[in-house]
Amino acid sequence: MLLVLCVDLDDDLGRKTGIPTPVIGADDVTEAAVALATADPEDSDVNVLFQGVNVHDELAAEGEAVEVAAVTGVDGADVKANRAVGQEVDRVLAELSTGEEVSAVVITDGAQDESVLPVIRSRMPIDGMRRVVVRQAQDLESLYYTIKQVLADPETRGTILIPLGVVLLIYPLVVVANLFDVAGAAVLGILSGAVGLYSLFRGLGLEDTVDGTAESVRNVLYTGRVTLVTYVVALALVVVGGVQGVDTVDVVRTAQGSPLAAGTALAAFVHGFVQWLGVAGVTSSLGQITDEYLAGRFRWRYLNAPFYVAAIAVVLFAVSGFFLPDAPGVTALGLSELAMALAAGTLIGVLSTLAFAVAESQLPSAEPV
């Protein structure tokens, strides 16, 4: 059996005529169409109902087993309207229970009503769909609905309208800049750079990462975590260490009196940088240990972290100093001194591991949350 299904997603039929829905049967649908046309002659759903009856009569004249029905949604959100249409379709199918498989021809008045097609398709096959609109307004209606959907979607709105707004602001901002004796080219360069960065940002999908980072920082601020302070201090120490590493390279170059080989330059940079890096690592790890203790998740083995950082810093400092000549601010080491530094780094790591393993086995610690 074929069901000609007239869809009125925003329930103009029920709201304007008071006729209960669904409406089943050619005679009843015709009466409903006349009532709606009387109540509001400009309503496009009038055309949908008459078109449904017309399709029903054509198919019936060809000997097709066919019925026509009108279903409505609700005036409001699309999800609620789609659900209401689905419930009325179920009632129509229940009343048409003839033991035959029912398929549908859907009649709508525009793109918006077609959002309900998946709901109908989940209940019966759809053999066809016909959109009934005034011919002169068909493209305009589709364009209007598309623009409405774009403006209603926050993600699409941000992706399209923000760059468009920046582009439209370029000329007036350049004019304003010229009034204040600011080079218009500079303003143009800044705005085009901003649009380019925004396009890369959206294209690479970094918005979720940035939102997650901002949420993490907000949580850290509100919960009073020590790591926020220690990470900032560690970052400052790393920056200072980088500057110190570059200065060490210059000192060694001056002391040698000739350009440095790549290996020597790397050793000089590490020699000046690693001390500050070690202090930064110890600072950040102590902050993390403190937070774990305050949160009740402390384990004795966590205390290994600062000792490991110190051991690695000692080893790198000694190895880089072994390859450097005597110079101001450089600790040049001989082979025996290098061996002692390597042994000291190894002992620090091994002894801290053993000590805290014993402590964890003998002393209680907080259970992980």
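Me: What does D90 count as, going by its relative accessibility?

Reply: The idea is to ask how much of a residue is left uncovered: buried means under 20% relative accessible area, exposed means over 50%, and partly exposed lies in between (1.4 Å probe, protein chains only). D90 has 36% relative accessibility, so it counts as partly exposed. Bear in mind that this is a predicted model, in which local features need pLDDT of at least 70 and side-chain atom pairs count only at pLDDT 80 or more, while totals for chains, interfaces and linings use all residues. Residues are numbered from 1 along each chain as its sequence is written, and side-chain values use heavy atoms, with hydrogens and water left out.

Me: Which side chain meets D90 in a salt bridge?

Reply: Side chains of opposite charge can pair when their charged atoms come close. The cut-off for a salt bridge is a side-chain nitrogen of Lys or Arg within 4 Å of a carboxyl oxygen of Asp or Glu. For D90 the partner is R123, at 2.7 Å from N to O. This pair links distant parts of the chain, 33 residues apart: D90 belongs to helix α4 (residues 78–95), and R123 to the loop between α5 (117–121) and β5 (126–131). Like D90, R123 is partly exposed, at 33% relative accessibility.

Me: How many salt bridges are found in the whole structure?

Reply: The search finds seven. One of them joins E292 to R297, with the closest N and O atoms 3.1 Å apart. Here E292 is buried at 13% relative accessibility, whereas R297 is partly exposed at 29%.

Me: Where do R15 and D12 lie?

Reply: Both are in helix α1, three residues apart, which is about one turn of the helix. Helices (H or I, at least four residues) and strands (E, at least two) are DSSP runs, numbered from the N terminus. R15 and D12 form a salt bridge too, with their closest N and O atoms 2.3 Å apart. R15 is partly exposed at 43% relative accessible area, while D12 is buried at 8%.

Me: What is the nearest side chain of opposite charge to D11?

Reply: For charge, Lys and Arg count as positive and Asp and Glu as negative; His and the chain ends are not counted. The answer for D11 is R15, 5.1 Å away, and D11 has no salt bridge. D11 counts as buried because its relative accessibility is 15%. This residue sits in the loop between β1 (2–8) and α1 (12–17), and it has a positive phi of about 60° although it is not a glycine.

Me: With which side chain does the side chain of D11 make a polar contact?

Reply: A polar contact is a pair of N or O atoms within 3.5 Å; within protein, one must be able to donate a hydrogen and the other to accept it, and residues adjacent in sequence count only if both atoms are side-chain atoms. For D11 the partner is the side chain of T72, at 3.2 Å. Contact in general means heavy atoms within 4.5 Å. Not counting residues up to four places away in sequence, D11 touches T72, G73 and V74.

Me: Which residues does D10 touch?

Reply: With that same exclusion of residues up to four places away, D10 touches R15, D45, V74 and D75. D10 is also in the loop between β1 and α1, and it is partly exposed at 30% relative accessible area. D10 and T72 are 62 residues apart in sequence, yet their C-alpha atoms are 6.8 Å apart in space.

Me: Where does P22 lie?

Reply: Look in the loop between α1 and β2 (23–24). The peptide bond leading from T21 to P22 is cis, with omega near 5°.

Me: How many helices and strands does the chain have?

Reply: There are 13 helices and five strands. Of the 369 residues in the chain, 35% are buried. Among contacts between residues at least 6 apart in sequence, 66% join residues at least 24 apart.
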